Amino acid sequence: MLTMLLVATLPTAMYDIDPKSLRATVEKLASFQTRNTSSPGLNEAAEWIASEYRKIPGMQAEIMKYTIPKGRRVPEEKEVVQVIAKLPGEDDRALMVGGHFDSLNMQGDIMTGRAPGANDDGSGTALALEAARAMAGTKRKHTVVFVAWSGEEQGLFGSKAMAERAKTEGWKLDAVLSNDTVGSSSNKAGDKDASHIRLFSDESDEHQSRELARYIAWLARNDPFQPKLVFRRDRFGRGGDHMSFNDLGFTAVRFVEVHEEYTRQHTEDDLPAAMDFDYLANVTRLNVKVLSSLADAGPQPERVTIDRRQGVGAHIRWQATPGTEYEVLWRDTTSPVWEGSLKVGAASEARFDKIGKDDHIFAVGAVGGIPVEAK
């Protein structure tokens, strides 16, 4: 049992992310006339994306087929495609990162109108591909899955199909990072924020999305580029692919730039020239940092409890898995983010003399993993 108090700090990790490589991917995607889910351009873009993943050593790429139903923005039921690429780990626990690669022009012919979709969401698609390149060559405990969803602009159909497949096949998904419109630091009004990316998360008893967002903020707390937590499922009147996974009980969050420019969404003006690739590189680095942490984390503790008897300090207990090292985190009851931590090794309890349970919230996690709140 540990009684010492120590605030752990993590070094700022820098990953080899090349803004020029991100630009090249986005420019290639934007070169298609349209990547509308019902258009031939979607298939061509999917084949190109899959071919790029297959160039990465150790990567397993798949063209996933599913049926999109006739409806809003879909002229007829059709079999369509999206991309899944896996970097196998030592076990079948998995993390997922991606963006949607379909595009849409709402100001012209919806099927044939020029729809470059550079930022929405060539940025998220390029981020996932570049993250795969950065993470390849390092063996990790858990599998990392990189995806390019389709059908997003018609109603999240691609991510719904993938989430349903994950549920049916019993994928052990610890976390899903959705990146949608993450490539610009400013808008036409002159607003600019090159140091933050918004991070939306839902709160539910069915998944740990809010705790994932909180932990991402903790991981990046010493970095110059940080997430701006937004404790909402998504923006008003909008939605994203993370929601498909949330709805089936998976832990999933969404990254989106701070200052969206709506005139460049779903129009022919969504071009690479309007993007900030240094900013996109920073968003990519943050995603890789999170994936790298979670991909080597041990299993979560079970039955995390706090001694509720009256008294000073706090006594936390949990059921530990042999060989797993743990970390206890705490925050003031009014704080949205974790404020301190104590690494306790392979222990199954920790006692604090100076941090009171009445004034703080505690959680325990495997080092590098999503914490579980003490109840």
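Ring pairs link Trp149, Phe245 and Phe250 into a cluster, where rings of Phe, Tyr and Trp (its six-membered ring) pair if their centres lie within 6.5 Å. This is a predicted model, in which local features need pLDDT of at least 70 and side-chain atom pairs count only at pLDDT 80 or more, while totals for chains, interfaces and linings use all residues. Residues are numbered from 1 along each chain as its sequence is written, and side-chain values use heavy atoms, with hydrogens and water left out.

User: Are the rings of tryptophan 149 and phenylalanine 245 stacked, edge-to-face or tilted?
Analyst: Planes under 30 degrees apart count as stacked, over 60 as edge-to-face and the rest as tilted. The two ring centres are 5.9 Å apart and the planes stand at 50°, so the pair of tryptophan 149 and phenylalanine 245 is tilted.

User: Is tryptophan 149 buried or exposed?
Analyst: Buried means under 20% relative accessible area, exposed over 50% and partly exposed in between, with a 1.4 Å probe and protein chains only. Tryptophan 149 has a relative accessible area of 0%, so this residue is buried.

User: Which residue lies over the face of tryptophan 218?
Analyst: A charge sits over a ring if NZ of Lys or CZ of Arg is within 6 Å of the ring centre and within 35 degrees of the ring normal. At 3.6 Å from the ring centre of tryptophan 218, the residue over the face is arginine 221.

User: Which residue lies over the face of tryptophan 338?
Analyst: The distance from the ring centre of tryptophan 338 is 4.9 Å. The residue over this face is arginine 331.
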